[in-house]
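Here is a short report on two interfaces. Look at the model first, then read on.

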Amino acid sequence: METLLKNVSSTAELLAVSARSGALEQWDGHALSRAFHWARYGEHLFRRFHSDPAVRTAMEKQLQLTNQSLRAALPGYTDVSFCDLSRCQHLLLVGLLNNPELPVSIMRILFGSGSPADTEHSEYVDVTGLCSHIIQCKSACKVLSPLADSSAVGADAEVQGAMLMERLGALMGRGREARRAEHFLDSLLQGCDGASEHFCLVIAAALLTAKNSAAEGAAQDVLQDWLQKTPGVLKLTCSALSASLLAGLAKEHRKFREAYCGVLKTWASDMEYSVHEGEWVQTSTKTCTVTFQKLTEHFLALFETCPTQRDDVERELNALKLSDGDFDVRGLSVWGDLLSALNT
Amino acid sequence: MSLLPPVIQLQQMTEEPSPNVQEIQFWLDKMVAWGRADSPNIQRDVSLHLRRLSSYLQQLLTHINNLISTTETMKRMPLLGQFLGRLCWIPYVTADDTSRGLLFQCLWGLYSEHPSNAVERKANQWIRKVLCQLTTDEDDAAAQALMKPMGVPPNEYHLKVLRKMVALLQENIGKSCSSLGNINQRCSCDSILAASEACVPLATCPEAAPLIDALLQRPATCVRAALSEDFLDALSCAYSRQNLSLEEQAVFSLWHHSLSSLEVAVLSLLESVCTNTGSTPQRMLQQVSQSLLPKACAQQCSIFLVVNDIFRSTLKQAEGNECVKSLIQIFTNCFLTELALLQPQKCVSLKAFFPQSPQSLLVPLSTLPSEMPQEAWEHHLNWLSGSLQRLTEDEEEGDGDGDSSSSTSRGHHRVFEAWFLLVQCAHWVQVTVQLLGTKGPEDCGPLLWLLTFYHHPTNRGHHRALQLVHAKDAWDRLHTLFSVSTSPPFDRLQSLVTLLSPQPQQPSLSPSFILGLSVNFAVFSQQPLSGSTQVLQTVVHRSGLVEEAACALSSLELRLNAGSCSSSDANRVHLRIKSLQNTLTHMHAAWSPAESQAHTLTHTHIKFN
């Protein structure tokens, strides 16, 4: 354990040196290769212990100490968190490339693309052309993205959704501890400040990933429970995503379907008839703006995707219409008008 | 480094052809357009121009490297910095291995190790900054905000997204055509052309390989499912540089779609086999099967026809080239083996593969000796010899009788095709030599005729009859040499050496004819090994054909190992080959082959006219 903690400290020190120190002038290909080797070890530590609370806490404490001393020694030092260990190689690379002292020979190795001139560095296979490959990969994504439109949520959200599922599964562990997963989702939501709609899309993508194991099913269950406990995100999800995508989710997940129908009914009950416009409109502008037509479309898409739902929903709407007095005159009951809109 | 005064250096440089100024403006405008929007038109333009852009970058690079300083370069080409800067942000350019590599090399060319003024210092800073941004800048902040707490590093994330996109596109392409032949209806095939164009810069990107595989292997069911020519060119180019990792079937599809890529593959096989003088039959076999061409030929008749056409014309240009002949034989052998491995329902009839060959000879020649009992070989060969003899006599009859030239050339054509088939199926020639080396002095006329025809297909100057007499004479002499149990007298050996040396006056027998016979006699005769070794060693050494003899031995070994010799004699033969090989290897090590007559053996040019 002691050795592990010492290594965690050394990893943080390496990142600090790479970004801020003039000592880099002395670096050669061998040093570069060793640095990346060490960074990979840091990533390994993260993967190995991120879901082990005891070790993780110890490592977090160790990092606090190391940060303190590094802050004192290096002006402008940025703290390294336990989570940062997962992206050690990236942080190392960012530090190196932004360090004006980085020897140009090192840059040549990193950007080498296997041309004859680079063969002299071929002993450092792991780092030769590292940046070149990263750039190729990012560029290839850009080249293909206009074509890869067959996914309902987009390739990027699909990947993020799958990663979310993986992470939730790991957090819950064998004991299926929902609490930790929910706590993690809360923290993600906080971090997504300003990009909440994107987060909703990723949640949808996570719910659409194939359930290959019981653990994944359990993770999707937790995700649905969390949505119900976080009405803001649920409402945003229902208004931001397309009707067909939501209907697809409703078809796959019972809990989501119930929550979704609940949101649709809330939208309807929040509407009042505007004589001026001759149409049902949302009363409170605080919630998202949903038109009567959009509401109808959501119900129709749901019926189309899950035909068995039609009877149940219509029965409920009829009951609500009854409670409104069961008039068949337009503009008196939102339920009555909704039913007639759904059946024309 | 240079001792020339700077003035002279400058003068020399002004004479350097510098890349056209107008051209950089042309490319600059293009980059502005490419950087502006993603539309199918841009993609098409990119796929069309990418190769030209690389060669322009290559020119620029040479130019930059020839100038003494960055200051100098900037003065000569003021637009260069702007141009390279724009290139960095065009994904089509940075996705393409070649262009990206050249772009980076140009940037490094502008980097001054010891900057001497503000311009150079600024250029250095700019290069560092641009490269850092290219590597670490993230377009999608929202995605990164999510990935960070999930412990997914950006590189891993991008790789996953790329693989996902490739998988989605691959799935889409795998869908069958939905228009059912209705030209006006939209169908999934519409995306094929666009996808293939997008893959032009991704030809060598390993992550895109599954998509490229899927594009190539898509059955051509719809008129709109055409692949972009530039895509095929890019793949062909990458494949010839061995920068491509495609599935076997995808490679076959590439050859099927692109004639030029097939030609390149065949020619490079020919070149790699025939320029390598030390090439053993084993090595040749390995190269042939690694080229995947025999397998592709067995699966797609159209590929075989093209490959065979290339072989045919190569053979016409150098009919006496033993190397080309061996390659064709080994290739055909591999092809026949692959063909036999195919399920019967997938197999096209042999006739379709050999439409120009004499049909009566096709099955008898393409049958492998191992597919026939050994006792039947002689009879089979006699029949083959007789048939070929009749064919040549029929065609050569009118020759020189003032017959119309068209019928003469048709006759030549038929003889050539018969001979070409014999070269392709030269396993029977090898069996002929083996039998000649084993047989006692019975009737070996037909076998000698077959062997003579193989080595001397044209009856130019009506020399065939005379050549046959020579052949019989040579065989008699060899037979005697390899029958006696005492050491042969010197003059007999010397006369054999003379036979092996090329003679200025026609008609003489090809040295490889005699060499093949000698080697087979040495291996198969009942003479004690020491005697045969001595004869072969002496003759081969004096005529400078050590390497060729070693080659003939390994070729023989290869054929026997392949299973066409399964007699009780096999073990004895095998031991004799090994021993002879050892002797020759030692000789080869001791003697420099510099003065050998190898070139006369491998480059005998006899032309069909």
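Buried area is the accessible area (1.4 Å probe) that two parts lose on being put together, summed over both. This is a predicted model, where local features need pLDDT of at least 70, side-chain atom pairs count only at pLDDT 80 or more, and totals for chains, interfaces and linings use all residues. Residues are numbered from 1 along each chain as its sequence is written, chains are lettered from A and ligands numbered from 1 in the order in which they are written, and side-chain values use heavy atoms, without hydrogens and water.

Contact (heavy atoms within 4.5 Å) involves 17 residues of domain 3 of chain B and 19 residues of domain 4 of chain B. Gln434(B), Gly437(B) and His455(B) supply 32% of the area that domain 3 buries against domain 4.

Now the chains. Chain B brings 58 residues to the contact and chain A brings 56 residues. Trp108(B), Arg128(B) and Met150(B) supply 14% of the area that chain B buries against chain A.

| Interface | Buried area | Share on carbon and sulfur |
|---|---|---|
| Domain 3 and domain 4 of chain B | about 1,400 Å² | 62% |
| Chain B and chain A | about 5,200 Å² | 70% |

A salt bridge puts a side-chain nitrogen of Lys or Arg within 4 Å of a carboxyl oxygen of Asp or Glu. How many join chain B and chain A? There are four salt bridges. One links Lys142(A) and Asp139(B) at 3.1 Å, N to O. Between domain 3 and domain 4 of chain B the count is zero.
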